[in-house]
Amino acid sequence: MTLKTTGRLSRREMLRALSLCAAGTTLSPFLSGCRESLQTPESLEKLGRQRAALDGKPKFLIVIGAAGGASIVDSFLAVRQSESANAAGLNTFPDAQVQAVAGSPFRAVKYSNSRLGSINIPVATDQLAFVKKHANEMLVATSVGTSVNHGIAQKRSLTGNGAWRGRTLQEAVALQWGSGMPLPNVNMGTGGYAERGTDDSLPLSCFGEAVVNPSLWPLGLDGSRGITGAPSKDVLALARSTRDALDQKSIFGRTFQDSAALKRWSEQRGVQQPKLEALDLITKLNILPDLPQIPLSKYGLESSPDGARLREVFPGFFTDPVQGQAALAFLLLKYRVSVSVTLGPDFNVAVGGPNGIANPPLAFDISHNDHRGGQAFMWARILNTVDSLITLLKAEPFDATSGESMWDRTLIYVATEFGRTRPRPSGATEFGSGHDLNNGFLLLSPMVKGNTVLGGVDPNTTLTYGFDARTGAPQPSKVTSNEPDIFSGVLTAMGADLGGSGLPDASAFKRA
């Protein structure tokens, strides 16, 4: 549904937004009340041991899906032409475009061009300010994947290619730190980033809640608010109780009364939905302002107390999906709705931004047509979002007593499906690239071993090589897949209990 930004929002449009969003929430199959009914005594005992090993305070994961293939050698591991014996035929940069960062192994690319492929918009990016600001909380781990199919590789970047019984990183975090959260795992990603894992032993609360429109979705978190003339809560509760009683006596209810699916549905509808409403998330998560075009007050609604601040940080929140997702991600973590949030660009064009286009077609995969320009444009988009989120989280206290900020307990994982091919026509500055298994991942957090590159790049091929996940020692001859190492590294850095997981020791990722 598209919300008009000119003219008044009609009651019909407001009700339609509410009904569409409410349907998505009410039908969600993973609210926290399902947990006990789906676990065996053995799994509950194991879960208890896991949580007892933690400090009792949640940690948070933000996954940013850099869809289309974010190339690590077009960012923090770029190669200068003077460093390579094969510079003219490989994706190397003029020396002046690869900036050094004092005291850091990272590089920062500076690139500008008059157009992006066939799209006549200027491209200009300079990664130096970002790297200088965040280097001490950045870790880059080189990688070799196992697929160059977008959807498959996206999902494998989240599961480590099935490293822990097929569960995703988001599901693992939701299991360990999401107890008591209304929606532990909210997923605004696309393609393989939006898929759930294959570990069916997990509680349904761990699987991702899909959010398509982050600006409208909060309006569906209450079954009656926003509807003019809606009955009181007491009357609504009586109507719901009557409905439930009639459902149980119906032929359908009697026939399927022992169905686990029907029991879960009844629990969600009768118990969990009122709990969600009691949290007033329809207000706390609502970024929309009260304007004549969006008359919240007319329908008894309000903007979030954080709304004005977030609209200033993310001014394109309504038309640029990534800005809207990032704003909602912050609120979901702040208000302890979720411990894991996934966001990121999709392959669709998004209007906005200073040049009229906020997201080009195919996101990073526009590199097929214009590698340099596409990578520069999209890296700037991702890094601007990351920087804004970190700034917000650093300014937000975790609690009233510990002195920690929200950022102190958060990890951002920039997950991309694969890298890009390295050859280019001799000396060309504009060229296209294909998909390549060879690449690297970016992690940012106070919990990671900062200012660190795990692995490295051979300047004569511009291909990355591997590392020992336990010690961090570079292994120049290692070019085999290390997807489980990356998966384990994210959870190890966060301090997750990995007992019985069979994951490799990834101590090199964790801050000492």
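**Reading helix packing and salt bridges**

Modeller: In this predicted model, the axes of helix H11 (residues 321-334) and helix H12 (residues 371-394) come within 11 Å and cross at roughly 20°.

Biologist: How are H11 and H12 oriented to each other?

Modeller: Two packed helices are described by the angle and the distance between their axes. Because angles under 35 degrees count as roughly parallel, H11 and H12 are roughly parallel to each other, and their crossing is right-handed.

Biologist: Which residues in H11 meet H12?

Modeller: Val322, Ala326 and Phe330 in H11 do so, and their partners in H12 are Arg381, Thr385, Leu389, Leu392 and Leu393. As a general idea, an α-helix has 3.6 residues a turn, so residues three or four places apart point the same way.

Biologist: With which residue does Lys334 form a salt bridge?

Modeller: The partner of Lys334 is Asp306, and the closest N and O atoms are 2.6 Å apart. This pair links distant parts of the chain, since Lys334 belongs to helix H11 while Asp306 sits in the loop between helix H9 (281-284) and helix H10 (307-313), 28 residues apart. Asp306 counts as buried, at 5% relative accessibility.

Biologist: Where do Arg309 and Glu396 lie?

Modeller: Arg309 and Glu396 form a salt bridge whose closest N and O atoms are 3.4 Å apart. Arg309 lies in helix H10 and Glu396 in the loop between H12 and strand E11 (410-415), 87 residues apart. Arg309 is partly exposed, with a relative accessible area of 30%, whereas Glu396 counts as buried at 12% relative accessibility.

Note on methods
Residues are numbered from 1 along each chain as its sequence is written. This is a predicted model: local features need pLDDT of at least 70, side-chain atom pairs count only at pLDDT 80 or more; totals for chains, interfaces and linings use all residues. Side-chain values use heavy atoms; hydrogens and water are left out. Axes are lines fitted to C-alpha atoms, for helices over the stretch in contact, and angles run from 0 to 180 degrees between N-to-C directions. Helices (H or I, at least four residues) and strands (E, at least two) are DSSP runs, numbered from the N terminus. Angles under 35 degrees count as roughly parallel, over 145 as roughly antiparallel, 65 to 115 as roughly perpendicular and the rest as oblique. A crossing is left-handed if the near helix is turned anticlockwise from the far one by less than a right angle, and right-handed if clockwise. Contact means heavy atoms within 4.5 Å. A salt bridge is a side-chain nitrogen of Lys or Arg within 4 Å of a carboxyl oxygen of Asp or Glu. Buried means under 20% relative accessible area, exposed over 50%, partly exposed in between (1.4 Å probe, protein chains only).
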